[in-house]
Amino acid sequence: MSDKLFIFDIETAPLPLEQIEEVAPEFKPESIKVGNLSIEKAQAKITAARDSHLTRITESAALHAEYGQVVSIGTILGSEEMLFITDNEATKIAGFWHQAEEAAASGYQMVGHNIFGFDLPFLVRRSYTLGIKPPGFLMPSRGRYWGYPWFDTMAAWSLGDFQSRISLDRFAKHLGLEGKSGSGKYYYKLLEENPDEAIAYLRQDLKVTKAVAEKIIPLLKDSEVGR
């Protein structure tokens, strides 16, 4: 396994409300159980459910590619940092895929935290939307996604037990390393209100991911987990 690491992390945000409404499932009043409620109370319950239907979707929209978008991508290639923070999502994603292809061709291993469960699927699904061709090496010849040269520090922790998850912050601290600088849940709001602070948060995420990878990957050389 190569010691050359390509570290990356994405940050996402909800799409504009009108775009979410275009793809959100239609509210079905018949799905609301009203039991023996009076007509007035039953109607009130259905109305409340209708009002909260879209709210529930938008609250977690940044976690789902059909309702969300990529607002930032940060990478560290060797010792060189690059941040994709343009207003155009397609430009960000296409630029990242191009950099990833070049890095892989140069023998770098592609590393992130929970990239199998979130970052890579989100990037590919948004690529579908935007008409961008993802790199061919996303699926190796063995017929499964996310094989070598991709390395997920979350997968290195869970070891096939999908119930055993760990945050990047806890993993770093478990290893005696410096942790994250906060939560990325509302990164997109921070990016709008305080771009410098948002960029500092993204850079710290990259720094922590790199530190975790540099500590555990040498221990996994020549193992199936490492590859």
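Is T153 buried or exposed? T153 is buried, at a relative accessible area of 1%; here buried means under 20% relative accessible area, exposed over 50% and partly exposed in between, with a 1.4 Å probe and protein chains only. This is a predicted model, in which local features need pLDDT of at least 70 and side-chain atom pairs count only at pLDDT 80 or more, while totals for chains, interfaces and linings use all residues. Residues are numbered from 1 along each chain as its sequence is written, and side-chain values use heavy atoms, with hydrogens and water left out.

**Overall layout**

- The protein has eight helices and five strands, taken as DSSP runs (helices H or I, at least four residues; strands E, at least two) and numbered from the N terminus.
- Read from the N terminus, the order of elements is β-α-α-β-β-α-β-α-β-α-α-α-α.
- Along the principal axes, the C-alpha atoms fill a box of roughly 65 × 40 × 35 Å.
- Buried residues make up 42% of the 227 residues.
- Of the contacts with a separation of 6 or more, 73% come from residues 24 or more positions apart; a contact means heavy atoms within 4.5 Å.

**The sheet and its helices**

- Five strands form an open sheet in the order β3-β2-β1-β4-β5, with mixed pairing; two strands pair if DSSP finds at least two bridges between them.
- The edges are β3 (80-84) and β5, each of which pairs on one side only.
- On average, neighbouring strands of this sheet are turned by 25° against each other, direction ignored; axes are lines fitted to C-alpha atoms, for helices over the stretch in contact, and angles run from 0 to 180 degrees between N-to-C directions.
- β2 and β3 run antiparallel and are joined by five bridges, and I76 has E81 in β3 as its bridge partner.
- Helix α4 packs on the sheet, where it touches β1, β2, β4 and β5, and its direction makes about 65° with that of β1.
- Helix α8 (residues 195-216) lies across β1, β2, β3, β4 and β5 and runs at about 140° to β1.

**A closer look at α4**

- Helix α4 (residues 115-130) has a kink of about 25° centred on P121; the bend at a residue is the angle between axes fitted to the seven residues ending there and the seven starting there.
- Among the buried residues of α4 are F118, D119, P121 and R126.
- The buried residues of α4 pack against β1 (5-14), β2 (68-77), α3 (89-105), β4 (109-112) and β5 (150-152).
- After α4 comes G131, with a positive phi near 70°.

**Around T153**

- T153 sits in helix α5 (residues 153-158).
- The side chains of T153 and H113 are joined by a polar contact of 2.7 Å, meaning a pair of N or O atoms within 3.5 Å; within protein, one must be able to donate a hydrogen and the other to accept it, and residues adjacent in sequence count only if both atoms are side-chain atoms.
- Leaving aside residues up to four places away in sequence, T153 touches V111, G112, H113, F171, V212, A213 and I216.

**Aromatic rings**

- The whole structure contains 10 aromatic pairs; rings of Phe, Tyr and Trp (its six-membered ring) pair if their centres lie within 6.5 Å, and planes under 30 degrees apart count as stacked, over 60 as edge-to-face and the rest as tilted.
- The F96 and W97 rings have centres 5.4 Å apart and planes at 50°, so this pair is tilted.
- F96 is buried, at 0% relative accessible area, and W97 is buried too, at 1%.
- A cluster linked by ring pairs takes in F6, F8, F96, W97, F137 and W150.
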